[in-house]
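Subject: Structure handover

Hello,

Here is the structure you are taking over. My notes on it follow below.

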Amino acid sequence: MIMTNQKINITGRAATVLVFKQDGNDKAVVSSVVVKTRRKRGKKRLFFTGQASFDSNTVKHLDKNILPVVDNILRLLDPQYKQKAFEISIVNLGVASALDLGVTVSGFSADVAVLLAMLSAVLEIPLAQDVVTTGHIASGDGDIRPVKSIEAKIKAAIENPGIKTFIYPSFDPDISKRTLSSEQTADEMDIIPQAKKYLQMIEVSDICQLIKNCFSCENVLLAALGGNFFEINGEPDSNGSNIEKVGYFLTHCNEKRFWQNVEINALAGNCNKVWQLLQARVKYQICRKQYPAEFGRKLLQLVLSVPPSTRATEDFFPLFEMKLYFEMCQFIQDEDCADAIRLMDAICGRLGPDYHAQSIAGQDMPVETDIDAAVRAVLVEISVESLAQKVGLPIDAARAAYVMKAVTVDSNTAFFELVSAFYLTLVRHTGLEPASVNERTIGAEALAMLERAYKDKGGIDSAETEGRNGFNGGMRFIFDVMTEQFKFEQQSKHINSVLKRIFNPLKWNDRVKFTRVFLEQIGPQMPADICNMPAEKLANHFERIIQVYSKSLDNMKQLFRKF
Amino acid sequence: MSTIDNLLMEMNEGAISREVGLKHDDARNRYQLRSNVVTSYDEFTWTIGDYYNFHVSFVRGCGLMAQSDAQAKAKRIVEQAYRRNNGDISSAFRDASDSVNSGMRGILDKIAETLKFEDIEDYIKTVFDRYVQPASWEQKVEIIGQFIRKYGPVLSSLIDVNRPEQYAQNYQELIRSYMENLRKCSSAFRRL
């Protein structure tokens, strides 16, 4: 249930550009649409205040087309959603007043700004004021279509030093484009590449793209926690409905998104943000009278993976109010007791000796019965793209988000702590946590990996020297080496597990059959002596052969990627 | 200490990393990427431009340049880096789109390494110019004379310590090569 139903007078503010005529020319000015929610009394739902007036057609359009879109989105988040009334006004028309112009908002180009301000007001998701939007919402499903005077609007945004981003409707060739004169369209097509010199230009064609670009993940999370749609976990819409896509964006994988955001902010040392997110989460759990499973374990692991120098920042601990911790502990079940202790340790930064993590089993790959399909599946599964997607991406993302304040360390202890913290980050991001983790085992595993990574570079002593003097990049270099080693090991494990899963259950005859199918597939490309080899001879080495073949395909693909 | 000792001291790997390298590594290490993949070419150019701006302003302690200028400079670096492997900016965009070859992280690393390398080159040139004016033949002869008197006999019996003029024109190349080999040796020693 959306808690904001009970709240009133929340303000949403979306920047846009309004155009008016002066001496026959289009004049544009950056402005803001301000929307406040009101309790609905009677049928009327839209109220207009302030000096700018709205043309009757525009009002009708907002009422008939924009309000239903807003209602449909909110209904996805809360089936018991009660319709709201909105008070709409326009600000910052000083320029228009100075020119003694009466401004009437007509046409549909403020549609997206009004929609955003309405959603912002109801969901309490603040909008960035350096982002300007324009566009016409052309259907009840939130399709966004081109509007006129784009050129004047972009120029106004460029001239306004506070504006960094301009969101405009896509100019894909569709029927709506025919409504513009060819001259006008040409101008607009020209101005966009020019504007990229000054602004970040983002093209959108539906409200889902719009909302993804306007609402930050952090603010969506906070709104989800405050508005109680955190755990809805929407499913992607197979029909391609834009409204469903918005619902999916606002609700899917919020749990995962929560931990990602806490981690990113913790690594960046944004203590206030970490505090805000955790406070909101704990308050949400208290409202639901529920202790979240494994909360302590996850938070403790996250805290341990943050560089010690960042953790040592004065404001880092406590992570959230102790009062809330005790309130939430009212709802623990018997099985949560140990976790609640870990949570306490994490909140206060008591990163003491032992805690345990449950192992997470790797995902199973279905065993193919059809040999032909299985060969293809194996080749896809161990291809460079698949390895990058399934194994490399989370590891690279973990490294890319890992920031710290200095690239050198001044003691042994600091070096080993940092290496362990970084190793834990890599491990957490793969989802393949060791069965039992404590500070000592993490440290030992981290050093073992560092030893392997530095085998040809002088071993751990050499790494430690590098960490202290930074001749080749210090800890940055060490982390990069560890990342590559970790990625290599994880990829090897993945390849092995794929091959073992496919081939180990096969009987000898099946292995021979498998080899024969494979040779038939690659036959035309291979020399005759190899093609004529009996499959029985190769069946024993089939895993090795398929790896070599896949590697050679990857080399070719890498070559093609260059062109 | 002689002039050559001072020059070599300013050019050893510790001095170079202290004076130039660490700032670049620090800059790279402080930039947080929220996603290792991009969904459009605009996002790609915006991200590399943003990183370039961050890196340069962090290292030089200056304000930010216009985003379009930063993007142009970042694109040039990425293009050059990929061209060394017969690729181009499109290959970089492909890597950033599907995270192959370390994705966006790898691309930002390339920008950081190029900026670091360029700064190190500038630093070395400045050090040389401070000790030896590029237009002064006498200073070149003097510095290479000091160098071969000190290290010549160790390096090769073919080096004639009494004829420094023979090497004066290539004094930079010789000293750089000596420093590079010294770096390789210390690196090998560290592996022991």
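How do the residues of the lining of the second largest pocket divide into nonpolar, polar and charged? The lining has 10 nonpolar, 8 polar and 12 charged residues. Please keep in mind that this is a predicted model.

The pocket and the cavities

The second largest pocket holds about 800 Å³ of space. It is lined by 30 residues, and B:I16, B:F117, B:I120, B:E180 and B:R183 are the closest to its centre. Both chains take part in the lining: α20 (474-503) of chain A supplies at least two residues, as do α2 (13-30), α4 (67-83), α6 (103-131) and α9 (171-191) of chain B. The largest share comes from α6(B), with 8 residues.

Searching the whole structure gives 3 cavities of 30 Å³ or more. The volume of the largest cavity is about 70 Å³. Its lining consists of A:R399, A:A400, A:Y402, A:V403 and A:D480 from chain A, with B:R28, B:N29, B:Y31, B:R105 and B:D109 from chain B. Two or more of these residues come from each of α16 (384-401) of chain A and α2 and α6 of chain B. By class, 4 of the lining residues are nonpolar, 1 is polar and 5 are charged.

The cores

There are 140 residues in the largest nonpolar core, and A:M118, A:F258 and A:F320 have the most contacts inside it. Another core, of 25 residues, lies apart from that one and includes B:A15, B:V20, B:V127 and B:I148. Leaving aside residues up to four places away in sequence, A:F320 touches A:W275, A:L278, A:Q279, A:V282, A:L299, A:Y325, A:L343 and A:I347.

Backbone points to check

Most residues other than glycine have a negative phi, and most peptide bonds are trans.

- The peptide bond from A:F317 to A:P318 is cis, with omega near -5 degrees. A:P318 sits in the loop between α12 (308-311) and α13 (322-329) of chain A.
- A:S149 has a positive phi, near 60 degrees. This residue is in the loop between β9 and α4 (150-159) of chain A, and it counts as buried because its relative accessibility is 14%, under the 20% limit.
- A:E294 also has a positive phi, near 65 degrees. The loop that holds A:E294 runs between α10 (271-287) and α11 (295-304) of chain A. With a relative accessible area of 22%, A:E294 falls between 20% and 50% and is therefore partly exposed.

Two single residues

B:T45 belongs to helix α3 (residues 41-60) of chain B. Is B:T45 buried or exposed? B:T45 is buried, with a relative accessible area of 4%. A polar atom of its side chain lies 3.0 Å from the backbone oxygen of B:D42. Not counting residues up to four places away in sequence, B:T45 touches B:Q67, B:Q71 and B:K75.

A:A138 lies in the loop between β8 (136-137) and β9 (144-145) of chain A. The relative accessible area of A:A138 is 41%, so this residue is partly exposed. Beyond residues up to four places away in sequence, A:A138 touches A:D143 and A:R145. From A:A138 to A:F229 the separation is 91 residues in sequence and 28 Å in space, C-alpha to C-alpha.

Regards

Technical notes: Residues numbered from 1 in each chain as written. Chains lettered and ligands numbered in written order. Predicted model: local features only at pLDDT ≥ 70, side-chain atom pairs only at ≥ 80, totals over all residues. Heavy atoms only, no water. Core = buried A, V, L, I, M, F, W, Y, C linked by side-chain atoms within 4.5 Å. Buried < 20%, exposed > 50% of the residue type's maximum accessible area, 1.4 Å probe, protein only. Contact = heavy atoms within 4.5 Å. 1 Å grid on protein atoms, 1.4 Å probe; cavity = no way out; pocket = protein on both sides within 12 Å on 5 of 7 lines; lining within 4 Å. Points joined across faces, edges and corners; volume = space filled by probe spheres on them. Helix = DSSP H or I, 4+ residues; strand = E, 2+ residues; numbered from the N terminus. Nonpolar A, V, L, I, M, F, W, Y, C, P; charged D, E, K, R; others polar. Polar contact = N/O pair within 3.5 Å; in protein donor to acceptor, adjacent residues only side chain to side chain.
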